[in-house]
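Please read the following report with the sequence and the coordinates side by side. It begins at the boundary between the chains and then turns to the folds on either side.

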Amino acid sequence: MNLISTEALKSELEESAADRGRPARILIADDHEALRRGLKAAMTGAGLQVCGEAANGKEAVEKTIELEPDLVILDLSMPVMGGFDAAREILQSAPQVKIVVFTMHESRQVRDETARIGVHGLAVKSEPLSNLLGTIQTVLGE
Amino acid sequence: MGALRILIADDHDLMRRGLKSLLEAHPGWEIVAEAHTGAEAAAKVEELKPDIAILDITMPELNGLEAARRIRKISPRTEILILSMHYSDKLIRDILETGVRGYVVKSDSDRDLVIAVEALANHKPFLTPQATEVMLSGLSGARGSLDDPDALKERLTSREREIVQLLSEGKSSKEAASVLGISIKTAETHRANIMRKLGIHSVSELVRYAVRNQIVEA
């Protein structure tokens with residue numbers, strides 16, 4: 001269980017934004033519009049800047065190259081191109097971009113595959129929002 | 001005409017926020033309450049009597065289908081829209097049987113959600129083409145066919161299904177009794193009746209039944 005409050009994480013994210021001289025730029029890739037909207041509101045509320053959205057893996061790769069975000073939040077099961085394939089392509093064509101996989105189901109297979117590919121963070125949709133924010137904060141601070 | 005009053009129930013905070021943002025973008029629609037369990041949804045519907053209740057199918061303690069059954073009794077004028085992550089014939093049959101007239105798969109919600117709410121606001125049904133197909137095949141007598149082994153078993157009551165969900169979520173009879181506000185003895189009697197009706201002898205078999213029938217998520 002993550003006991004760090006969303007407020008505490010927000011203040012840490014604001015501190016790292018001050019260090020960077022600007023808020024971190026986030027690209028959200030998920031095929032569910034409602035979830036993208038929810039994520040966007042949560043990211044903005046935490047002081048992060050959402051620079052773009054993608055509804056499938058292919059779009060996520062294209063927008064990462066075009067927009068050069070600091071971090072991509074990547075769903076795994078998306079149409080056209082899944083999250084694992086998109087992560088591989090992003091790490092190859094934009095290696096400076098950090099990736100946090102955000103998935104509905106955590107399993108050993110998912111953990112092993114994200115580690116093998118070299119994805120920077122993993123968060124599960126069913127867990128509290130503070131877990132995702134904590135993962136983003138850790139990954140951005142690396 | 002006043003605003004259309006909507007309740008959103010989903011255990012995922014981000015999904016609730018997203019649904020709220022999507023629906024509030026529509027002029028004249030107001031989100032009057034949010035809930036993260038089926039029991040909370042039913043209690044808030046009883047208190048606020050919204051025009052529409054949007055219920056996620058998989059929620060802890062009381063799932064969307066059981067919440068819908070309860071809401072149909074306590075607020076018959078509230079139209080119900082069920083959201084599910086995956087499409088399933090069995091689920092559609094259960095939804096239709098409950099008297100719910102709106103069903104949207106989450107992956108189609110961008111396209112279907114607003115249309116579904118508009119239809120329900122006018123007390124008209126909204127079903128996906130797959131749901132319509134299941135309904136029509138049900139009318140022609142295909143429902144409860146032999147390829148559905150659970151269709152042959154004795155039907156569980158609403159309270160028994162609630163117990164199945166709680167036990168499958170890992171709660172003991174005592175904990176289930178406490179959640180439902182009943183005595184431990186009553187909970188244990190329900191448990192024994194469930195096992196007898198389903199012809200099963202262990203909690204692991206019960207969990208498998210609950211997953212297969214989408215009472216809980218795998």
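Across the interface of chain B and chain A, how many residue pairs are in polar contact, with both residues at pLDDT 80 or more? The rule finds one such pair, a polar contact being a pair of N or O atoms within 3.5 Å, where within protein one must be able to donate a hydrogen and the other to accept it, and where residues adjacent in sequence count only if both atoms are side-chain atoms. This is a predicted model, in which local features need pLDDT of at least 70 and side-chain atom pairs count only at pLDDT 80 or more, while totals for chains, interfaces and linings use all residues. Residues are numbered from 1 along each chain as its sequence is written, chains are lettered from A and ligands numbered from 1 in the order in which they are written, and side-chain values use heavy atoms, with hydrogens and water left out.

**The interface**

Zero salt bridges are found between chain B and chain A (side-chain nitrogen of Lys or Arg within 4 Å of a carboxyl oxygen of Asp or Glu). On the side of chain B that touches chain A, helix α1 (residues 13–24) of chain B supplies the largest share, eight residues. The contact (heavy atoms within 4.5 Å) takes 16 residues from chain B and 17 residues from chain A.

**The two sheets**

Helices (H or I, at least four residues) and strands (E, at least two) are DSSP runs, numbered from the N terminus, and two strands pair if DSSP finds at least two bridges between them.

| Chain | Open sheet of five strands, parallel pairing |
|---|---|
| Chain A | β2-β1-β3-β4-β5 |
| Chain B | β2-β1-β3-β4-β5 |

In chain A, β2 (49–54) and β5 (121–124) stand at the edges with a single partner strand each, so one side of each is left without a neighbour in the sheet. Strand β1 (residues 25–29) of chain A pairs with β3 (residues 71–74) of chain A in the parallel sense over four bridges, and Ala29(A) has Leu74(A) in β3(A) as its bridge partner.

In chain B, β2 (29–35) and β5 (102–105) are the edge strands, each with a single partner, so one side of each lacks a neighbour in the sheet. Six bridges join the parallel strands β1 (residues 4–9) of chain B and β2(B), with Leu7(B) standing opposite Ala33(B).

**Salt bridges**

Over all chains the structure holds 23 salt bridges. In one of chain A, the side chains of Arg36(A) and Glu53(A) meet at 3.0 Å, N to O; this pair links helix α2 (residues 33–45) of chain A, which holds Arg36(A), with strand β2 of chain A, which holds Glu53(A), 17 residues apart.
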